[in-house]
Amino acid sequence: MLSIAVCDDDVIACSNMARKVRDLLGEMKKSCMIRQFCSGRELLQASENFDIVFLDILMRDLDGMKTAQIFREKAFDKILIFVSSSREYVFEAYDVEAFQYLLKPVEDKKLKQVLKRAVHKTESRSQEFIIASKERQKKKLYLDDIYYFEIKGRILHVHGEEGIFTYYDQIQRLEDKLQEKGFFRCHKSYLINLKYVEGYNKQEAVLDNGERIVIAKRRYELFCQEMLKFMREHGGII
């Protein structure tokens, strides 16, 4: 079941959007749970782990953009859709990895298109995940969304499709957890997702997003073996 939040300080607008989303998902034969919030603070205080969030920008007290920035600190992998009567914040939306920016009044046809894409992204994501603990909170990190892990001191930096998430852990312990999950420790500081490797040489692996990750000389031969094994298992023609 999809978990969805709609946040708008206009109670009527909030209710109407929630109803439209529920009706459209019903047409798509998708079950959902929708919660409505009349302020950014209410949304941030909610304990649910929402899959999709519809967020108005021009709200009193804590505006939608600031709400999104705080929300991203604990949920970088969730789908965030802005709904606003102003075009003014379109470019700022990129800074918080917004999935879509909808202008009010939102046409049903456009909303349905965006919902279909959002649902597809949510459901196509691998269901395998690890649990990261940060500031007394637990967070799911879906393996399919992670490009690589990088250790700096005692802090793990998780580089993914939605940005970077950090928490305390040991990369060796994480490597043990991810055995046979498509990840490889190519360097003492890096654990990469082989799914995103576009090319490589003896010095580095090049990822789909253009990032280059160092390959330790002593790990190169094993990296090649693991890479070939991964491609065979996932349809690569070798």
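1. Terms and source. Contact here means heavy atoms within 4.5 Å. This is a predicted model, in which local features need pLDDT of at least 70, side-chain atom pairs count only at pLDDT 80 or more, and totals for chains, interfaces and linings use all residues. Residues are numbered from 1 along each chain as its sequence is written, and side-chain values use heavy atoms, with hydrogens and water left out.

2. Overall. The protein chain has seven helices and 15 strands. These are DSSP runs numbered from the N terminus: H or I of at least four residues for helices, E of at least two for strands. Along the principal axes, the C-alpha atoms fill a box of roughly 60 × 40 × 30 Å. Of the 238 residues, 48% are buried (under 20% relative accessible area; exposed is over 50%, partly exposed in between; 1.4 Å probe, protein chains only). Take the contacts between residues at least 6 apart in sequence: 50% of them join residues at least 24 apart.

3. Helix H5, length. H5 covers residues 108–124. Its 17 residues should span 24 Å at 1.5 Å a residue, and the end C-alpha atoms are 24 Å apart, so the two agree. The expected span is 1.5 Å times one less than the number of residues.

4. Helix H5, faces. Leu111, Val114, Leu115, Ala118, Val119 and Thr122 are buried in H5. They cover an arc of only 135° around the axis, which puts them on the same side of the helix. The arc is that of the directions from the helix axis to the C-beta atoms. Lys109 and His120, on the other side of H5, are exposed. The cover over the buried residues includes strands S1 (2–7), S3 (52–56), S4 (79–84) and S5 (100–103), plus helix H1 (11–27).

5. Threonine 122. This residue lies in H5. Its relative accessibility is 9%, so threonine 122 counts as buried. Neighbours within four places in sequence aside, threonine 122 is in contact with Leu2, Asp51, Ile52, Ile79 and Gln127.

6. Helix H3. The buried residues in H3 are Gly64, Met65, Thr67, Ala68, Phe71 and Arg72. Seen down the axis, they fall within an arc of 150°, so they line one face of H3. They pack against H2, S3, S4 and helix H4 (90–95).

7. Largest pocket. A pocket is an open set of points on a 1 Å grid over the protein atoms alone, where a 1.4 Å probe fits, with protein on both sides within 12 Å along at least five of seven lines; lining residues have an atom within 4 Å of a point. The volume of the largest pocket is about 490 Å³. It has 23 lining residues, with Lys74, Ala75, Gln137, Lys138 and Lys139 nearest its centre. Helices H2 (40–45) and H3 (64–74) and strands S6 (129–134) and S7 (137–142) each give two or more residues to this lining. S7 gives the most, with four. By class, the lining has nine nonpolar, four polar and 10 charged residues.

8. Second largest pocket. Its volume is about 340 Å³. Among its 18 lining residues, Gln179, Glu180, Phe183, Phe184 and Glu226 are closest to the centre. Strand S11 (183–187) and helix H7 (220–233) are the elements that give two or more residues to this lining. H7 provides the largest share, five residues. The lining of the second largest pocket has seven nonpolar, three polar and eight charged residues.

Terms used
Grid points are joined across faces, edges and corners, and a volume is the space filled by probe spheres set on the points. Ala, Val, Leu, Ile, Met, Phe, Trp, Tyr, Cys and Pro count as nonpolar, Asp, Glu, Lys and Arg as charged, and the others, Gly among them, as polar.
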